Amino acid sequence: MSHEHDYDTDFETGAAGAAKTYPQKASHLKKGGYTMINERPCKVANISTSKTGKHGCAKVHVTAIDIFTQKKLETIFSSTSDIDVPHVHRNDLSLIDIDEGFCYTMCESTGDIRENIKLPSGELGDKIKKLYDEHGSGNLMVTLQEACCEEIIVDIKPARRDF
């Protein structure tokens, strides 16, 4: 007896990465740590905990800054609830070129070249352009911050040269 099924299977488009967040008790949050508020990855700027009252467990009041938009967000969690914490990664990449609002970068350990990293707007973008004009290709490192499938350049510094 043959069991032929008409499955539409495409293994090449499956997600192979890790989860974007991990669970943590709200009572374990700390200033400078990360949390998700309104489905946005945020860095905790201020935290306060209320005492247990007659209406249940303690509450954790969190003020945080969205790590991509810099908007201030606030929320209250139950201290015993599990909250989502984003996986936040920072990588230093060598700045090769700037063209039409995008930075061309290279990972020094792998040699991988990226051409799709948007040049930040505002003061940081102006600073990157100025330093690139002064120092040229390969002499600067940009720090790329990544979380929840978003990324942004957050810093620039001279490249380390070990001679």
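These notebook entries record what I looked up in the structure above.

**Entry 1: the model.** I noted that this is a predicted model, in which local features need pLDDT of at least 70, side-chain atom pairs count only at pLDDT 80 or more, and totals for chains, interfaces and linings use all residues. Residues are numbered from 1 along each chain as its sequence is written, and side-chain values use heavy atoms, with hydrogens and water left out.

**Entry 2: the fold.** I looked up the secondary structure and found one helix and eleven strands. Helices (H or I, at least four residues) and strands (E, at least two) are DSSP runs, numbered from the N terminus. Along the sequence the pattern reads β-β-β-β-β-β-β-β-β-α-β-β. I then turned to contacts, meaning heavy atoms within 4.5 Å. Of the contacts with a separation of 6 or more, 49% are between residues 24 or more positions apart.

**Entry 3: the cores.** I recorded that 29% of the 163 residues are buried; the term means under 20% relative accessible area, with exposed over 50% and partly exposed in between (1.4 Å probe, protein chains only). I next searched for nonpolar cores, which are sets of buried Ala, Val, Leu, Ile, Met, Phe, Trp, Tyr and Cys residues joined through side-chain atoms within 4.5 Å. Which residues have the most contacts inside the largest core? They are Leu95, Ile98, Ile128, Ile153 and Ile156, in a core of 14 residues. At least two residues of this core come from each of strand E7 (89–99), helix H1 (122–135), strand E10 (140–147) and strand E11 (150–158). Leaving out residues up to four places away in sequence, I found that Ile156 touches Leu95, Leu124, Lys127, Ile128, Leu131, Leu140, Met141 and Val142. A second, separate core has twelve residues, among them Cys42, Val44, Ile83 and Val85.

**Entry 4: aspartate 66.** I located Asp66 in strand E4 (residues 59–66). Is Asp66 buried or exposed? Asp66 counts as buried because its relative accessibility is 2%. Its side chain makes a polar contact with the side chain of Arg40 at 2.7 Å. Such a contact is a pair of N or O atoms within 3.5 Å; within protein, one must be able to donate a hydrogen and the other to accept it, and residues adjacent in sequence count only if both atoms are side-chain atoms. Beyond neighbours within four places in sequence, Asp66 is in contact with Arg40, Pro41, Cys42 and Lys71.

**Entry 5: the cysteines.** I checked for disulfides (pairs of cysteine sulfur atoms within 2.5 Å) and counted zero. The closest cysteine sulfur to that of Cys148 is in Cys149, 7.2 Å away, so it is too far for a bond. Cys148 counts as buried at 19% relative accessibility, and Cys103 also counts as buried, at 0%.
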